[in-house]
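I'm opening my notebook to go through this one piece by piece. Here is what I'm looking at.

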Amino acid sequence: MNHGTLLVTGGAGYIGSHVVQQLVERGERVVVIDNLVSGFREAVRNAELVVGDVGDQRLVANVLATHHIEAVLHFAAHTVVPESVSDPLKYYGNNTCKTRNLLASCAEAGVRQFIFSSTAAVYGMPADGAADEGTPTMPHNPYGASKLMSETMLRDISATGAMRHVILRYFNVAGCDPAGRIGHSAPNATLLIKVACEHAVGKRASLSIFGTDYNTPDGTCIRDYIHVEDLAAAHLQALDHLRAGGESLTLNCGYGHGYSVREVIDAVERVSGHQLTVVEQPRRIGDCAMLIARSDRLKRALAWQPRYDDLDFIVRTALQWEEKLAHRRA
Ligand code: UD1
């Protein structure tokens, strides 16, 4: 392959490490920058890891120049929505301000292709529970707002002609590498499928359902869960698109249909063979009843096709990773 080296920020984290793995498997040269605040050194396999911060312009300039970086895939961010509500400046500082520094470093070094991890949280609470890329952006929490500000900077830079980008707006990412080499290792997870699997392997005593009185068929919230491997594949296709001279794009990443919290719990019970201890709690602040991706544009623009659109498979891979972590702890 005759391509340049790729810089992946946050490549030691959950989603970044799955993308790095797919890139390396198809023969790409990859350098990772990760400050290891929420990433794990062992998640970076077969790629160089530079331990440092994406906001450190000297460090980033050095990496961009030394490796003649062709394109940047930017994952490094804080991602815990409730924490963003209690400590918003942490999110604006880490997610927005550091992205600004990274973009400045890229512009200076002449990096012309950029792939950005964004989120469905930019939509807030769309009226009919489904969002396409034209749905108004009205983030409901600082996490979503911090990502939306980064999107705006990126679009403005691309408008000058300095860069082309693909913004990927993730819906609910779940599951792990089916081969069990890497996974989701965050210690204080809040995401439903991870938390439910932690309970299934005995790491937590129970599982809370936040709200049973939503206007949905079983009263619990509905989300569009996408397997991390399908999401990772979209990044590789986004890179191919930019390399082929494609225009800047913003794309939803989800399957276009959803499951309720109770349906997810049923799947975890079915796959694990354990009955979960479920505690019904009041609604969690900031949750909307339903959030589903309209993802036709992703399929059309990148010829993306999901491979793992199967809740039981998603849960099986998440559970397998949780068992591995439990085994390590024992
Ligand atoms: C949120 C963000 C999403 C972000 C993700 C990761 C929004 C709209 N979405 O997703 O962009 O990528 O966080 O930080 O802000 N639930 C329980 N019990 C639990 C955990 C969750 O019932 O122990 C419920 C929640 O109330 C929600 C659903 O499960 O209805 C999914 O929650 P979660 O996995 O935390 O993700 P989101 O909040 O949907």
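Where is the place of G39? I found G39 in the loop between β2 (30-34) and β3 (48-51). Helices (H or I, at least four residues) and strands (E, at least two) are DSSP runs, numbered from the N terminus.

**Before going on**

This is a predicted model, where local features need pLDDT of at least 70, side-chain atom pairs count only at pLDDT 80 or more, and totals for chains, interfaces and linings use all residues. Residues are numbered from 1 along each chain as its sequence is written, and side-chain values use heavy atoms, with hydrogens and water left out.

**Entry 1: G39**

I looked up how covered G39 is. G39 counts as buried because its relative accessible area is 11%. Buried means under 20% relative accessible area, exposed over 50%, and partly exposed in between (1.4 Å probe, protein chains only).

Leaving aside neighbours within four places in sequence, I see G39 in contact with A12, G13 and D34. Contact means heavy atoms within 4.5 Å.

I noted that the chain is divided into domain 1 (5-174 + 225-253) and domain 2 (192-223 + 256-329). These bounds come from an automatic or database domain assignment. The centres of the two domains, taken over C-alpha atoms, are separated by 24 Å. How many residues of domain 1 are in contact with domain 2? I have 29 residues of domain 1 in contact with 29 residues of domain 2.

**Entry 2: the ligand**

Next I went to the ligand. There are 22 residues around the ligand, and T79, T119, S208, R223 and D287 come nearest. A residue gets into this shell if one of its heavy atoms lies within 4 Å of the molecule.

Then I looked up some polar contacts, meaning pairs of N or O atoms within 3.5 Å; within protein, one must be able to donate a hydrogen and the other to accept it, and residues adjacent in sequence count only if both atoms are side-chain atoms. S208 uses a backbone N or O atom, 2.7 Å from a nitrogen atom of the ligand. R284 has a side-chain N or O atom 2.8 Å from a ligand oxygen. For N141, a side-chain N or O atom is 3.2 Å from an oxygen atom of the ligand.

How much of the ligand's accessible area does the protein cover? On its own the ligand has 750 Å² of accessible area, and the protein covers 92% of that. Accessible areas come from the Shrake-Rupley method with a 1.4 Å probe; for residues, only the protein chains shown count as cover.

Which elements give two or more residues to the shell? They are α6 (192-200) and β9 (207-210). The largest share, 4 residues, comes from β9. Domain 1 and domain 2 each give at least three residues to the shell.

By class, I wrote down 13 nonpolar, 6 polar and 3 charged residues for the shell. Here Ala, Val, Leu, Ile, Met, Phe, Trp, Tyr, Cys and Pro count as nonpolar, Asp, Glu, Lys and Arg as charged, and the others, Gly among them, as polar.

**Entry 3: S295**

Is S295 buried or exposed? S295 counts as buried because its relative accessibility is 1%. I placed S295 in the loop between β15 and α9. Not counting residues up to four places away in sequence, S295 touches N252, G254, Y255 and G256. A polar atom of the S295 side chain lies 2.9 Å from the backbone oxygen of G254.

**Entry 4: positive phi**

Most residues other than glycine have a negative phi. I looked up two with a positive value. H68 has a phi near 45° and lies in the loop between α2 (57-66) and β4 (69-74). H68 counts as exposed because its relative accessibility is 64%. A303 has a phi near 55°, in the loop between α9 (296-302) and α10 (311-329). At 53% relative accessibility, A303 is exposed too.

**Entry 5: A289**

My last stop was A289, in the loop between β14 (278-281) and β15 (290-293). A289 counts as partly exposed because its relative accessibility is 25%. Apart from neighbours within four places in sequence, A289 is in contact with Y214, T216, C221, I222 and R223.
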